[in-house]
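Subject: Structure for you to look at

Dear colleague,

Here is the structure I said I would pass on. Please open it beside this message.

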Amino acid sequence: MSQPSGRVRVAVMISGAGSNMAALIDAGQAAEASFEVVLVLSNDPEAGGLAIARAKGVPTAAIDHRPFAKDRAAHEAAIEAALKTAGTEVVALAGYMRLLTPFLVHRWAGRMLNIHPSLLPKYPGLDTHARALAAGDAEAGCTVHLVTEGVDEGPILARQAVPIVADDTPATLAERVLQAEHILYARAMADFCRGRIRSL
Ligand code: GRF
């Protein structure tokens, strides 16, 4: 998979703040990194992460989904063209809030990762922290997995548990899990691109 630089070329897809994206960019800019972020792509031109990526010297593309409201295939075809142009080898979803169709999922099968804020297979989908608190769980956490057609269902690559503490709210728990996400995603991507991890 590696290019002449020796680093796997990763594109990160975001919809929002992009803190996981920033962690991946930073990890990819370290000496001896096994990957580099070559493109940050958002479906929302206002996503805060786009400016952060540009400030870190990473090319960005905004492919707004709204003009494609009636044609998801055309939106994904535009995304695919941008990924190809950037020479992408691996795609990292990082707070990308659109469901992908089989068109992109199949094209990137085995080469598209996602980070999810729960200990999958527990709590796929939204509101993971509120659900963990409501269930009285002792721990929450995050998971990096390969993307398949089922939402948050793909083979698990890495997980990190985060203890739930007294008086945690969904917001305080989300903040602590997010810090763990940054470390886990960077490490899982590095290992994946070194060919060190397959699914658990
Ligand atoms: C993260 O919690 C991620 O797990 C979830 O969306 C959030 C994105 O945060 N899918 P950020 O944009 O990376 O800051």
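Below are notes on the cores, the ligand site and one set of strands.

The coordinates are a predicted model.

Cores. The largest nonpolar core has 40 residues. V10, V12, F35, V40, L113 and M189 have the most contacts inside it. Helix α6, residues 170-193, supplies the largest share of this core, with 10 residues. Apart from this core lies another, of 20 residues, which includes A11, L39, A61 and L83. Leaving aside neighbours within four places in sequence, V10 touches F35, E36, V37, V38, L39, V90, A92, M189 and C193.

Ligand site. The residues around the ligand are A17, G18, S19, N20, G95, I115, P117, L178 and E181. A polar backbone atom of I115 is 3.5 Å from a nitrogen atom of the ligand. On its own the ligand has 370 Å² of accessible area, and the protein covers 79% of that.

Strands. I115 also stands opposite V144 in β6. Strand β5 (residues 112-116) pairs with β6 in the antiparallel sense, over 4 bridges. β6 pairs with strand β7 (residues 156-163) as well, again antiparallel, over 7 bridges; in this pairing G141 stands opposite A161. β6 itself, residues 139-146, is mostly covered, with 7 of its 8 residues buried.

Regards

Note on methods: Residues are numbered from 1 along each chain as its sequence is written. This is a predicted model: local features need pLDDT of at least 70, side-chain atom pairs count only at pLDDT 80 or more; totals for chains, interfaces and linings use all residues. Side-chain values use heavy atoms; hydrogens and water are left out. A nonpolar core is a set of buried Ala, Val, Leu, Ile, Met, Phe, Trp, Tyr and Cys residues joined through side-chain atoms within 4.5 Å. Buried means under 20% relative accessible area, exposed over 50%, partly exposed in between (1.4 Å probe, protein chains only). Helices (H or I, at least four residues) and strands (E, at least two) are DSSP runs, numbered from the N terminus. Contact means heavy atoms within 4.5 Å. A residue is near a molecule or strand if one of its heavy atoms lies within 4 Å of it. A polar contact is a pair of N or O atoms within 3.5 Å; within protein, one must be able to donate a hydrogen and the other to accept it, and residues adjacent in sequence count only if both atoms are side-chain atoms. Accessible areas come from the Shrake-Rupley method with a 1.4 Å probe; for residues, only the protein chains shown count as cover. Two strands pair if DSSP finds at least two bridges between them.
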